[in-house]
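Q: Hi! Could you walk me through this one with me looking at it on screen?

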Amino acid sequence: MKRDGIGTARRGSLRGTRARWIAVLAFAGATGLMGCGGESPSASTAPPSQADSSGASTATPPATAASATEAFLTSGARRGVSADGTYRVAWEPVGGIFSDSEPFAIAIEVERVDGRELGSDLALAADAEMPHHGHGMNLVPAVKPSPGRGRFIAEGMLLHMPGRWIVAIDVEEGGIAERAHWIIDVE
Amino acid sequence: MFLTLAISTAAVTHAVTYGASATFDPPCPQAAEYIATAEELRGVVAVAAAPGGGGFLLCTPEAMDPSARVVAANLVLAAIDVESGEDRTASVVQRVSEVAQRGDLGAPCAIDVRADGAIAVADASGLIRLFESAGSRSIGEGILGEPSGVAFHAKGIAVSDRRAAEVVLLDDSGKVVTRLGQGQIGDPRGVAVLDDGSVLVADRLRDCVWRFAAAADGMPSASGEAIGEFGSSPGQFNAPGDVAILGKGAECCILVADELNHRVQILDANGRFVGFFGMHALVPRMGAGHIHYPRSIAISSDGSTLVVAEAFEDRAQFFRLTAEPQPPGIPPSVELISSHFGPEIACAGDLLAVVDIESEAVGILDARTTPPIHMTLMGGGGASPQRFREVSALAIEPDRRRVWIADRGRGAIDVYDLVWDPTKEPVVDLFMPRLARSMRLDAFAERLRASAATKQSSSAPLRTPDPADIAFAGPDSSRVLILDRANMAVLSTDLRLGAGEVVPLPKEARVPEEFAVGADGRWAIADPVAQAVFLRAADGTWSTLRALGEFALIRPSGVEFLVDGSLVVSDAARDAVLVGGPSGGARIVGGKGVLDEQFWDPQAITPSPRGHLVIDRGNHRFQRFGDGFTWNLTGSMGRYFDRKRRGSPGGPPPLAPANPVGSSNTSEAGRVPAANGGAS
């Protein structure tokens with residue numbers, strides 16, 4: 001079992017570290033199709049401890065995390081706010097269920113809490129790890145943009161053993177990656 | 001079945017025997033046999049084969065007289081008798097004879113010897129010192145930032161420059177011939193030159209050896225090819241620090257000091273693994289072939305003998321290169337944090353953070369208790385935001401309990417939330433740390449460049465910052481102060497590394513390492529190469545402190561303010577801590593040793609609820625000093641002493657036979673098994 005949960009991104013790799021698992025999005029052009037729309041962001045600048053987006057039992061979206069992109073995600077999506085309160089992030093497995101032994105994809109939506117447009121240099125990364133076991137996934141998810149503003153698909157998620165996982169989504173703009181995370185119990 | 005081959009060097013042909021399993025081509029030794037140890041070489045940083053086959057030159061950062069006053073940087077000649085008898089240790093002509101009082105060597109960190117006997121010494125303060133038959137001179141001033149390796153080349157001298165992250169080839173007059181590895185190299189260290197002009201350099205940060213192949217005219221290519229990668233398996237490296245060449249041409253062998261794997265690896269001319277030697281020492285002070293943090297290596301001119309400088313252990317070990325592979329030993333293995341403390345430590349309020357340099361993990365402890373209770377761990381080697389490649393700075397936001405970790409390998413600062421209820425009993429909780437954000441330092445540099453508020457006086461372009469330390473200041477600790485080695489400045493910015501101010505360090509600064517901010521707004525920066533602590537008053541004026549009371553600062557490695565505003569400075573050369581007083585005097589605490597209130601390479605200092613903590617790096621532990629800077633705890637991860645052990649200064653007397661460590665602060669400590677709490 002790999003100790004490093006992000007697969008090939010080993011210490012000392014001479015290749016680009018994040019380039020292998022971050023999709024850098026060129027929003028120019030594509031974003032013109034989408035408006036910010038939807039609910040105006042609420043004052044969801046949660047303190048760090050509350051920015052922990054879920055907790056093991058948190059499947060209920062926070063009241064402030066509703067999104068304009070309901071069509072992309074269902075009401076069962078996990079929702080939360082990134083650690084510094086900059087982004088509202090939601091995700092769910094494509095097809096609605098986890099596979100505990102097969103790779104699966106997740107659909108992700110991101111928007112800024114302050115209502116501003118996402119930056120053209122926005123990059124997204126998805127990861128999962130098991131702190132109790134000191135490892136992560138055996139695959140490196142590939143994050144790709146999906147039609148629609150702030151929408152992405154991360155393929156290659158694999159929670160390969162039972163136990164408590166942290167699923168993390170990093171939203172990067174301007175060289176600052178802010179993390180939202182959820183605790184997931186896999187039985 | 002064995003066959004006999006010969007390795008020819010310039011001077012001597014040395015017969016070696018290879019086992020039947022040795023199918024390597026070209027032939028290289030597969031391991032080495034321990035011969036002897038030269039001890040009491042404080043901080044020995046560099047070795048080279050002496051001219052004319054007369055043993056080895058070893059370089060120490062400073063020589064001190066018996067009263068611990070620095071005399072000068074030191075260059076010594078080690079002469080050994082490799083014809084060992086039954087008793088290896090007894091057969092050694094052990095002691096090094098001091099030969100070269102060649103003047104002040106500055107802050108030496110690497111040496112090389114040319115065939116004609118000329119000696120080049122890389123001075124970390126920014127130049128190369130040359131000692132030739134015609135006299136001595138310096139080159140490279142104003143060109144080199146922080147030299148870290150040196151090797152003679154047919155075109156001049158190849159020099160590693162850590163600050164510029166490149167190798168510079170200077171001609172004999174000191175002019176730049178070419179620059180190698182720009183944009184490739186992370187942290188260049190030891191350099192070696194092949195006879196065709198190709199240049200090899202160990203890259204401690206990228207965990208590889210770069211080869212800059214030479215063209216037909218002997219000029220090395222500006223772009224290199226990496227040999228090796230991170231890991232502990234054969235052919236992989238963990239922080240390689242030096243490289244040496246055995247033999248010539250296509251049949252040469254490459255030897256690499258693989259520092260954090262605690263071994264020397266042998267590669268063939270194509271970079272393929274051949275063998276290794278140097279089983280990891282299990283505790284500090286273990287030797288006799290057990291290698292602990294090899295810093296520099298050199299091969300004798302006859303190709304038979306290799307010397308390994310271990311600055312961590314203040315010693316050099318000698319080996320005879322052999323054909324037989326080393327029998328399987330204990331492989332390098334790091335399981336969670338195990339007290340391989342790096343120089344960094346941080347504490348704020350009730351939390352303490354320490355870094356383990358071998359696992360690249362940061363441990364979090366509850367600092368309110370005796371002993372501090374280890375609660376969680378974050379990191380481990382890796383390249384994603386929650387993994388570290390080389391932790392260079394630690395800090396804790398006082399108000400929000402967020403942990404800041406600068407990773408110079410990834411070029412980023414990670415900020416962690418700690419999900420912790422301090423009103424509850426501390427428990428181990430690996431879910432406690434949650435990465436909040438990761439901030440790329442190159443993007444920060446862009447914001448600084450674009451900032452109208454940038455006040456950097458130097459015209460030099462702003463490099464990507466290389467944090468050596470982090471502190472917080474201002475109301476609600478809302479300002480971040482980053483001690484930046486790349487730009488020799490303190491970067492004052494906000495909590496998201498937005499635009500900020502670049503405050504240049506004094507021109508005398510060389511390699512700033514530790515940073516403290518006083519309650520009155522003063523800054524203190526320890527610089528072991530400049531042999532000074534730089535003080536900045538609240539009004540922005542700088543002053544230079546070269547002594548604390550009557551004690552000169554020799555290798556200041558840590559600094560902190562006491563409650564009364566006095567300074568406390570750890571001095572790695574003295575193996576002690578200098579404690580200032582409000583009246584301007586100072587006293588010395590500690591001395592070389594392994595017991596309580598003794599140190600071996602003390603580093604960073606941080607205040608904590610129960611006293612100041614000092615990283616005692618060479619003993620793999622920290623020590624804590626309470627009111628009046630009196631000792632109250634020695635601890636590593638999982639083992640603590642809050643009463644002094646026998647033989648410690650001020651402790652109960654040693655049982656007979658007397659423990660030499662307890663009665664001496666200098667001479668015999670290296671021969672005594674470690675009595676500290678931590679395993680190596």
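Q: What share of the contacts in chain A between residues at least 6 apart in sequence join residues at least 24 apart?
A: That share is 64%. A contact here is two residues whose C-beta atoms, placed from the backbone, lie within 7 Å.

Q: Before we go on, what sort of model is it, and how is the numbering done?
A: It is a predicted model, where local features need pLDDT of at least 70 and side-chain atom pairs count only at pLDDT 80 or more, while totals for chains, interfaces and linings use all residues. Residues are numbered from 1 along each chain as its sequence is written, and chains are lettered from A and ligands numbered from 1 in the order in which they are written.

Q: Great. How many helices and strands does chain A have, then?
A: Chain A has 1 helix and 10 strands, and from the N terminus on they run β-α-β-β-β-β-β-β-β-β-β. Helices (H or I, at least four residues) and strands (E, at least two) are DSSP runs, numbered from the N terminus.

Q: And how much of chain A is buried?
A: Buried residues make up 44% of its 187 residues. Buried means that 20 or more other C-beta atoms lie within 10 Å of the residue's own; exposed means 12 or fewer, and partly exposed is in between, with C-beta atoms placed from the backbone.

Q: Switching to cores: which residues have the most contacts inside the largest nonpolar core?
A: They are B:Val47, B:Leu255, B:Ala353 and B:Leu394, in a core of 232 residues. A nonpolar core is a set of buried Ala, Val, Leu, Ile, Met, Phe, Trp, Tyr and Cys residues joined through C-beta atoms within 7 Å.

Q: What does B:Leu255 touch?
A: Leaving out residues up to four places away in sequence, B:Leu255 touches B:Val243, B:Ala244, B:Leu246, B:Val264, B:Ile266, B:Ile297, B:Ile299 and B:Leu306.

Q: Now helix H1 of chain B. Which of its residues are buried?
A: In H1(B), residues 441-450, the buried ones are B:Leu441, B:Phe444, B:Ala445 and B:Leu448. They fall within an arc of 100° seen down the helix axis, so they line one face of H1(B); the arc is that of the directions from the axis to the C-beta atoms.

Q: Why would that spacing put them on one face?
A: An α-helix has 3.6 residues a turn, so residues three or four places apart point the same way.

Q: What is exposed on the other side, and what covers the buried residues?
A: B:Asp442 and B:Ala450 are exposed on the other side of H1(B). The cover over its buried residues includes strands E33 (412-418), E34 (433-440), E37 (489-493) and E38 (501-504) of chain B.

Q: Sheets next. What is the strand order in the open sheet of 4 strands?
A: The order is E12-E13-E14-E15 in chain B, with antiparallel pairing. Strands E12 (147-153) and E15 (176-180) are the edges, each pairing on one side only. Two strands pair if DSSP finds at least two bridges between them.

Q: How are E12(B) and E13(B) joined?
A: They run antiparallel with 6 bridges, and a hairpin links them through 2 residues. B:Ala151 has B:Ala158 of E13(B) as its bridge partner.

Q: And what does B:Ala158 partner in E14(B)?
A: There the bridge partner of B:Ala158 is B:Leu169. Strands E13 (156-161) and E14 (166-170) of chain B pair over 5 bridges, antiparallel.

Q: Why is E13(B) called largely enclosed?
A: 5 of the 6 residues of E13(B) are buried, so the rest of the structure largely encloses this strand.
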